[in-house]
Every structure is written in C-alpha cells, then in structure tokens.
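The sequence and structure come first.

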Amino acid sequence: MATNRTGAAQRPNGAPQTKVCQFKLVLLGESAVGKSSLVLRFVKGQFHEYQESTIGAAFLTQAIRFDDTTVKFEIWDTAGQERYHSLAPMYYRGAQSAIVVYDITNQDTFGRAKNWVKELQRQASPSIVIALAGNKSDLAAKRMVEFEEAQAYADENGLLFMETSAKTAMNVNDIFLAIANKLPKSEAGAAGAAGGGRRLADGEQPRPSQCCK
Amino acid sequence: MHSDHEENYKFAACTFFAKSHPGETCGSNGLPLTPSSISILGRAQRLLSIEHPNLCTYLDIIRGKHERIIVVAEVIGKSLADLKKKLSTEEIINVARQVANGLQYLHANNITHRTLSDDNILIDLNGKVKLFNYGIFYMTYGGSEVAFPLGQPRYLSPETILNSGGPTADIWTFGVILLELCIGKLWAKLKPGPILRRILGLVHVNDPAKRIAREHNSIEEYEQLPKYLQTLIEKCLQICPSKRATITEILQDLSNVDTKEMCAVKPPRGLMGCKLQYLYHWWQLAGGDIQVELKRNGLIKNSPPILSIPVAILLDGCTIGGKTGVLYDRRIAKYSIELLQSRLSHVSAHDYYPLMHERKKQNDAVTLPKTIRERDTEYQFYRLLWFQRLLHGYPYTAPYIRAEAEIDIPPLVRGDVWAALLGVVGDIEEQYERIDKETPTPTDRQIDVDIPRCHQYCWLLCGSAGHRTLKRLLKAWLLTNPQYVYWQGLDSLTAPFMYLNFCNEARAFACLSAFVPKFLHKFFLKDNSAVIKEYLAKFWQMAAFHEPRLATHLHDINFVPELFAIPWFLTMFSHVFPLHKIVHLWDAFLVEGPSLPLFMGVGILRQLRDTLLESGFNECILLFSDLPEIDIGECVKEAIDMCRSSPRSISYRRFTNDTVKKDSMDQVEIPMEVLFVEICPRISLSDFFSLICEDKCCVVDIRSNLLYEKSCIDGSVNVPYSGVHLGRHELRALGPQPERALQQAIKMKRNVVIASAEDETAQLFSDYLVKCGVPRVCILHGGIAALQTHIPSLFITPPTGNTGK
Ligand SMILES: Nc1nc2c(ncn2[C@@H]2O[C@H](COP(=O)(O)OP(=O)(O)O)[C@@H](O)[C@H]2O)c(=O)[nH]1
Ligand SMILES: [Mg+2]
C-alpha cells in the first residue's frame with residue numbers, strides 16, 4: 001500500500017492511470033478514546049502523548065492506494081464531548097464511512113459507541129460503511145471491554161471491527177484499508193449521492209456522481 | 001573580575017539532579033509519568049511567592065539538561081559556617097530570634113525546613129539573618145523526587161535518621177544550631193556514619209544537650225551559659241518529638257530575653273532598593289546567565305557522556321554503575337549585580353522614583369516590536385518602576401493602567417496588570433476559599449480527560465501540581481456559575497490565567513470570573529447554539545466588511561466559519577495558539593474590549609489571504625485544521641486598526657453583557673434569521689450621523705430616481721436598484737458617477753453606507769458591492785425612512801440633473 005498525502009490523486013499529463021475515489025469519513029466516539037490520535041497516526045504516522053482535545057471538528061485528508069485504485073479519504077475528526085453532539089450531523093451527513101471509536105479500558109465509552117452506531121444507522125446514509133475501533137489495545141492490562149463482546153456486537157450490526165492502537169500503530173492503517181475495501185468503487189454514485197445532505201465541500205470537489213474517475 | 005563588596009551579591013544559585021524514573025513506565029491513564037524535575041518545578045512555584053524578612057526570597061527555579069534543577073535565591077552576607085568568629089550571647093540570641101522567626105513562618109505555612117544547617121543560615125554585617133534554600137525538602141516532596149539524602153548528618157534529629165519527622169525535626173535542629181553557636185562545631189572530625197550512630201546513641205539519654213556537651217569536653221562552657229539559654233536548648237533537644245517546644249513557644253521564650261534591639265538599618269535607595277525580583281529580571285535582560293556562572297564555578301560539570309553510561313541495565317530499567325546520584329552539592333554560586341549597575345549607571349537617582357504627575361520619560365524603544373521591548377533592560381527598567389507605581393495605586397489608578405497597558409505590559413507584572421484591567425478587587429482569597437472545589441460531580445470525567453491534553457508543553461501546566469490547580473479552578477468556576485456548563489475549551493480558556501497566577505489561584509479564578517461575562521457572555525450555556533451562531537455570523541460580516549474579495553471567495557466555495565472558527569472564539573484563541581502568543585493577544589483584548597476578537601479572526605484570514613484565495617474548500621479547511629505559523633504581533637496590529645476604524649454599531653451583538661438600554665438611534669438589532677442572511681453589517685443612525693459629520697462616508701441611495709429627486713441625503717449618490725445588473729460584478733456597470741464616487745470612497749477608506757427604502761434591496765445590493773470587492777460596505781439600519789424621522793436635517797432636495805445617472 002502506498003500512502004501519499006496529496007499526490008496520489010494527481011495525474012501527470014491528465015491521463016488517468018489509476019481510478020481515484022474520494023470518500024468522506026467521519027470519526028465518532030466519546031472524548032479521549034483516541035479519535036484524533038488515530039487520524040494523526042494514519043495521516044502523519046505520528047503519535048502525541050498529549051494530543052490536544054478537539055473542539056468542533058478537525059479535517060484531514062489521506063490517500064491510500066491499492067491495485068488500480070486510489071482512495072482519498074476526507075476525514076472529519078469530531079469533538080467527543082456529549083455537548084458537541086448537535087454539531088455531529090453536520091459532519092456525518094453525506095459521509096460514506098464512519099469509524100466509531102471506544103477505549104478498551106473504559107466500559108462507558110463502549111456504551112457510547114453503541115449509541116453512535118444506532119444514531120448512524122438511523123440518521124446517516126443507509127449505505128454508510130461503519131467500522132468499530134476498540135482503541136488503546138496497547139493497554140491490554142487495563143482492559144475493561146472484552147474483544148469477544150465487541151466482536152459479537154459488531155457482527156450483529158454488520159460493522160467492521162478491529163482493536164487498534166494509535167500509540168503502537170497496530171491495526172490503524174488496516175482499519176482504514178478495510179473500510180476502503182468495502183466501499184463501492186465502481187460508478188458508485190452510490191457513495192456520494194447518498195444521504196442527500198448538503199455536501200460540505202460542494203465547490204471544489206467532483207460532483208457526487210463523478211466520485212470515481 | 002568582581003569586587004568583593006558583600007552587598008553587591010544579591011542572589012545565588014545551587015543545583016542538583018532530580019531522580020530519574022527507572023525505565024519508561026506509564027501512569028494509570030496510559031500517559032508517561034511526569035518527570036521528577038517537572039514535579040519539583042511545579043511544587044517549587046509556591047516558594048517563589050514567599051516573602052519574609054528572615055527568609056531569602058526564591059527568585060527562580062530552572063530546569064537544566066538531564067533532570068537538573070537550578071535554584072536561584074536571594075543571598076545576604078555570609079553563612080554561619082563561613083563566619084569565623086565566635087558569637088557573643090547577645091549575638092546568639094539575635095540569630096536565634098531571627099531563625100525562629102523564619103521557621104515560624106514556614107511552619108505556619110505547612111513547610112518543613114528539614115535541612116536547616118550552619119551553611120544555610122546567612123547573616124550580614126548589620127546582624128540581619130535570613131534562611132537560604134529552606135524549601136528543598138518541600139519542593140522535592142520530602143526528598144522523594146531526588147536520589148540523595150537531605151540535610152547534614154549532624155543536624156538530623158534521631159527520628160529523621162529513622163526516616164520520619166515533621167516540623168518538630170526542625171526544632172531539634174534549631175537546638176543543635178544553638179548548641180553549636182555556644183560550644184563550637186559538633187563532631188567536627190567524624191564521618192557521617194559515626195555521627196549518625198552518635199545521634200542515635202542519644203536515644204536512651206535523659207539529657208541529650210548535656211551529654212553532647214560532655215562528649216565535646218565543653219560541659220563547663222555549657223553550664224556557664226545563661227540559664228534561659230540552656231533551658232531553650234534543652235527544650236529543643238528532646239528525644240521524643242512531641243516533647244519538644246513548638247516554634248511559637250521558642251519565640252515566646254526568646255522575646256522574654258532582654259537584649260538590645262538591633263539598630264534599624266535605613267532601607268537602601270536607588271537600584272539596591274528595588275524589588276529583588278526586578279533586579280534579577282533586569283540582570284538577566286542585561287545578559288546575566290545563571291548557568292554560565294554555575295559552569296564557571298564548577299557547579300555544572302560536563303563530563304564526557306561515556307562516563308555516564310551505566311555498566312548494566314536491568315530489565316525493569318534500573319541502571320547499575322555509570323553516573324551515580326552522589327550527594328547533594330552544598331556549594332552555591334553567588335552573583336554580583338555589578339553587570340546591571342554598570343548597565344544602568346547613567347540612570348539618575350530621580351528616575352527610580354517616577355512621579356504620577358510628571359510626564360514620564362519617553363523611551364525610543366517604544367517603536368520596536370513588543371517581543372524586543374520585552375528583552376530590553378532599560379526599557380523594562382522604566383516600565384517596571386512605572387507600573388509598580390501605578391499598580392500600587394490600584395484601583396484608583398485603573399484608567400492610567402489601561403492607558404499604559406495599551407502601549408505594552410511588562411511580562412513580570414502581567415498577572416497584576418491583567419487583574420487590574422479586569423477590575424479584580426476585594427477579598428478574592430476569602431471568596432475563593434469558600435468555594436467547594438472538591439466534591440465530585442458528573443463533569444469530572446470530562447475535566448479529567450481534558451486536563452492532561454491542555455497546553456502540556458508548558459511545564460507549569462503539565463505537572464501534577466498544575467493538573468490539580470486547573471481542576472480546582474474549573475470546578476470552582478462551574479460551581480459559582482450554575483447557569484453554565486463545562487464545554488470542552490473552558491480548560492484552555494482557564495490556562496492563561498493559571499499560567500500567570502500559578503501561585504495565586506484565587507486571582508486566577510477572579511480573572512477568569514471577570515473575563516467570561518465580558519468576552520464570552522452566554523457562551524457556556526448548555527444550549528449556546530444561538531450565541532455561537534450570532535458570533536460567527538458577525539465574524540463573517542466583519543470579514544466581508546474588511547476583506548470583501550476573500551469573503552466572496554470563501555462564500556463561493558461554501559467555506560463557513562462553523563467548520564473552523566468555533567474553537568477560535570469559544571476559547572478566545574487559547575485553544576489555537578501557544579501560551580507565549582496568547583498572552584500578547586489577550587493583552588490587546590483586555591485593553592480594547594470584547595469586539596477585538598472578531599477582528600482578530602479577520603486578521604488571521606487577512607494574514608493567510610493569499611493562500612486562501614488560491615485554495616479550494618479542502619485546502620482551506622486543511623489550512624485551518626493545522627494552522628500555520630501566525631505572526632501574532634502583526635495580526636493584533638491589524639485587528640486593532642480594523643476594530644478602531646469600524647463604526648461601533650457594525651459589530652453589535654445581542655448576546656453581550658451590555659446592560660445599558662440603547663437609544664433608538666443606536667439600535668441595529670435585527671431578527672437572527674435576518675442576520676444570518678445579511679452579508680454586510682448594519683450601521684446605526686447615530687454612527688451614521690457621526691460618519692457624515694466627519695466626512696467619512698459615501699452614501700449610496702438605491703431608491704428609485706423619483707423618490708431620490710424628491711428628497712435625498714445631502715452628498716449621496718443615487719443608484720436605483722432596479723437598474724443594476726446583479727450578474728456583472730464590476731463597478732463600471734453602475735455608471736460613471738457612482739463608479740467614481742465608490743472608487744474615491746475606497747481610496748479614502750470611507751465607509752460605504754447603503755440607504756434604501758426596504759431591507760431586501762439593501763441586502764442584495766450590499767452583497768453585490770462586496771462581490772465587486774468594495775470594502776467597508778454596510779447597511780443603514782432602518783433605511784431612509786428611519787433617518788427621515790430622526791435626522792430630517794440631513795435631507796435636501798437635489799438640484800435637478802444631479803441624480804447620479
Ligand atoms: N496508550 C494509548 N493512549 C492513547 C491511544 N490513543 C490515544 N491515546 C491517548 O489518549 C488521549 C486522548 O486521545 P485523543 O486522540 O485526544 O482522543 P479524542 O478525544 O478521542 O480525539 C491522549 O492523551 C492520547 O495520547 C492509544 O492507542 N494508546
Ligand atoms: Mg480529538
């Protein structure tokens with residue numbers, strides 16, 4: 001897998017060599033479970049012990065490539081605090097994928113993750129690909145949420161599931177890759193048109209129906 | 001190089017290493033453990049605020065390389081250890097009284113000295129006594145953050161040797177000091193081991209003082225001491241800690257002793273009479289460097305790294321061999337302020353006492369950037385003395401403080417000045433004391449996860465002392481503001497106040513409590529969406545007002561402030577910038593008032609304008625998610641310019657703490673739905689009138705030709721709305737006369753006021769002008785009709801033929 005921050009989508013002399021797909025992905029979950037850390041690891045390969053809290057939301061992009069397709073993720077990393085909940089629809093509306101994150105050392109965050117999944121299933125685009133990430137797997141000694149419990153829940157709800165660690169990088173690229181794999185990459189207006197919500201990025205981006213070129 | 005004037009040595013430094021944690025282990029929250037040096041620094045902050053005549057003031061605690069701690073504190077005269085002469089009884093009582101005074105203050109503040117010894121009791125030529133570095137036990141959490149033992153063996157009480165001992169241990173040591181002053185140094189020829197054995201050997205003795213004297217062949221000498229002195233020593237040298245006198249009893253006993261009062265020494269004037277903290281600060285600005293001097297004196301040695309490689313590393317991370325912890329280095333390096341004296345030698349004696357009614361000295365440096373002024377010895381010299389004067393007169397001097405703060409604020413007194421600017425008065429300690437900061441609440445979890453992410457690059461905020469303080473402040477604020485809730489970001493907002501008032505929690509709290517109503521009224525309501533929406537809408541209008549091209553571009557790509565500016569305003573940028581930038585930014589906010597932040601937002605856009613203009617949606621949002629280096633000084637300057645040149649009413653918000661009832665002439669309030677669609681702000685009739693009087697506006701009347709010809713505002717141009725091609729974004733399309741008028745307005749930086757008969761056309765036309773790139777466009781609130789009612793005198797009947805077409 002080649003990752004490339006911006007270049008992958010660029011084509012020399014206009015001739016498409018690979019198919020480029022853009023997907024909007026949103027990260028949801030209780031605060032301090034490691035959403036920003038996962039994105040930072042995925043996009044920049046870094047980990048900050050003292051990652052600042054996210055207010056409102058942050059936006060990052062990252063492209064990954066496999067076979068003949070480049071998948072460009074437009075990632076919205078949201079604030080975790082319950083109070084910022086009202087902003088969330090602005091970010092998940094029109095998203096083709098979501099990662100719902102919990103912290104394996106904290107049972108409450110798993111409960112909160114389930115609520116997010118419910119909300120997405122109700123409110124987001126019906127075709128949205130949802131992944132569940134049990135983060136901080138490096139802190140296995142303090143585990144409060146069993147792998148099997150989460151796996152069973154994910155299976156029931158048709159979610160992708162992995163335990164990740166932004167700190168050690170375990171499964172971080174993999175979970176994004178798994179999502180990319182599951183997203184429809186042909187014609188697939190499916191992706192963008194779904195949800196019917198306002199696209200945040202109408203101006204610059206390809207029309208939804210041209211999501212893949 | 002230095003002359004040997006004792007009184008020129010004003011401060012000294014000593015240094016030691018904090019303990020390093022073996023291996024890299026994590027705390028229970030998965031975060032790495034706080035380095036010991038950070039914990040020590042955090043704890044030592046409290047010492048910096050101690051001022052007492054018998055305690056050497058702490059001036060600085062510095063973190064060097066490899067967990068090194070450097071302590072800088074006041075010094076006077078010589079230590080008792082260096083005093084080669086024997087003291088008379090009277091002198092001994094004088095020393096004892098002052099030492100006891102110092103100890104009493106420490107004990108009253110729950111600080112145990114534990115390392116009192118003859119080399120940290122200083123005495124000057126006038127007999128003034130001060131304790132030096134009395135806080136090492138305190139700052140190292142009872143020695144647990146360092147690898148070496150604390151205290152000189154011969155002063156340790158028996159229970160201290162057995163690893164316990166609180167303030168009562170200081171009493172024992174005090175007794176030993178007194179005894180030594182009377183009969184000479186104890187156990188002078190013994191090594192530490194045997195000394196400790198001797199002390200422990202006293203445990204079964206009835207009268208340790210006499211026993212020690214006998215052991216030193218000084219029993220006759222001892223018995224010739226005045227009875228009260230013997231009694232005093234014996235009250236201290238009790239084996240059982242609870243039987244020892246308290247420091248207050250000792251002081252009581254000493255006060256009964258009749259000795260002649262120390263002759264009062266006149267306080268020094270001029271430089272030597274300045275606050276020690278100021279001297280130290282200026283000395284540093286003048287090039288004084290604590291570490292350089294320590295190296296020169298051999299207190300910091302750079303040994304080749306190969307020597308510090310351990311011989312073995314155990315699996316748990318502990319090391320064997322290599323650089324070992326060794327003992328506490330008792331040496332100190334003294335610093336002379338000659339450097340500073342010569343730097344300021346030309347300052348006249350008069351300048352040390354600036355008078356309020358005199359014109360203050362203008363300094364050329366005032367034209368330099370603030371960050372340079374802050375490093376200029378002389379500039380800071382004048383500024384500090386002046387501010388000291390003004391702060392002394394607070395609250396009566398509040399207007400002067402504000403006026404001076406507008407120029408700049410000396411970093412050393414920024415905490416005081418901010419408190420003054422925020423109008424903090426009264427018994428804030430008492431009020432803060434009464435607030436329950438401990439009872440758990442459901443918000444604690446969120447606070448707990450946010451604090452270890454809040455400005456953690458700052459060592460004051462990243463230690464456990466900092467974490468606890470921040471939590472208390474947040475809890476106190478939430479408790480006293482039941483109408484509000486904790487929104488993430490409140491932590492960042494509190495951080496600057498805490499940073500500047502680390503040892504004055506009550507003042508940090510008072511500042512925060514005064515700041516929020518002024519700048520963030522209703523932002524922390526549970527449902528704050530209307531407040532935030534209004535703020536962002538105003539911000540966007542200000543952007544259109546001052547940066548029309550940029551605003552148009554951002555509108556075009558659907559780039560809305562909701563996506564990036566919430567943390568800007570909710571935290572007044574404290575979540576966006578590092579502390580050293582925030583302080584300069586807030587200096588300006590506090591002086592200029594609550595409108596400035598809006599313009600600061602525009603200032604940032606302006607600084608990034610070129611990049612933004614070339615960028616599409618994704619690039620723009622990426623730029624703000626990871627904000628590039630912003631020149632705060634420049635941004636603040638621009639923001640102030642914009643703020644001052646904008647009519648007040650255009651930045652009006654309904655959600656402010658402004659209780660003054662507005663005159664209808666000052667009204668600009670419109671329903672929120674209307675606000676959200678208007679690209680341009682509204683200007684009040686009275687602001688409009690002022691602009692007219694100052695000839696600072698260009699009025700565009702967009703009513704029909706007919707109406708205009710009947711009666712119009714003197715000097716206005718008529719551009720009938722019905723004739724405008726909204727599709728062509730060029731001023732030329734409006735016809736030659738309006739184009740000329742508008743070009744002229746742009747050139748002269750006039751405000752362009754749209755006057756209409758109805759809102760809708762005013763909105764569309766003002767939007768059109770913004771798209772044409774016209775800055776400073778605003779809508780006359782109430783339109784022509786309101787103006788005709790309130791200020792009919794502005795209207796004339798235009799001479800025919802001059803209708804603007
Ligand atoms: N041990 C460990 N800590 C993590 C991991 N991911 C995040 N953290 C820490 O958890 C805290 C919160 O992370 P953050 O990314 O800000 O969480 P968010 O609020 O969900 O965005 C930070 O102190 C991170 O350093 C992980 O995988 N392992
Ligand atoms: Mg985050």
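## A buried pair

B:Lys475 and B:Asp444 form a salt bridge (a side-chain nitrogen of Lys or Arg within 4 Å of a carboxyl oxygen of Asp or Glu), with their closest N and O atoms 2.8 Å apart. The pair links distant parts of the chain, 31 residues apart: B:Lys475 is in helix H21 (residues 464-480) of chain B and B:Asp444 in helix H19 (residues 444-450) of chain B. Helices are DSSP runs of H or I with at least four residues, numbered from the N terminus.

B:Lys475 counts as buried at 6% relative accessibility, and B:Asp444 counts as buried at 10%. Buried means under 20% relative accessible area, exposed over 50%, and partly exposed in between (1.4 Å probe, protein chains only).

## Basis of the values

This is a predicted model, in which local features need pLDDT of at least 70 and side-chain atom pairs count only at pLDDT 80 or more, while totals for chains, interfaces and linings use all residues. Residues are numbered from 1 along each chain as its sequence is written, chains are lettered from A and ligands numbered from 1 in the order in which they are written, and side-chain values use heavy atoms, leaving out hydrogens and water.

## Another salt bridge

B:Glu638 forms a salt bridge with B:Arg606, the closest N and O atoms being 2.5 Å apart. B:Glu638 lies in helix H31 of chain B and B:Arg606 in helix H28 of chain B, so the pair ties together parts that are 32 residues apart in sequence. B:Glu638 counts as partly exposed at 23% relative accessibility, as does B:Arg606 at 21%.

Notes:
Helix = DSSP H or I, 4+ residues; strand = E, 2+ residues; numbered from the N terminus.
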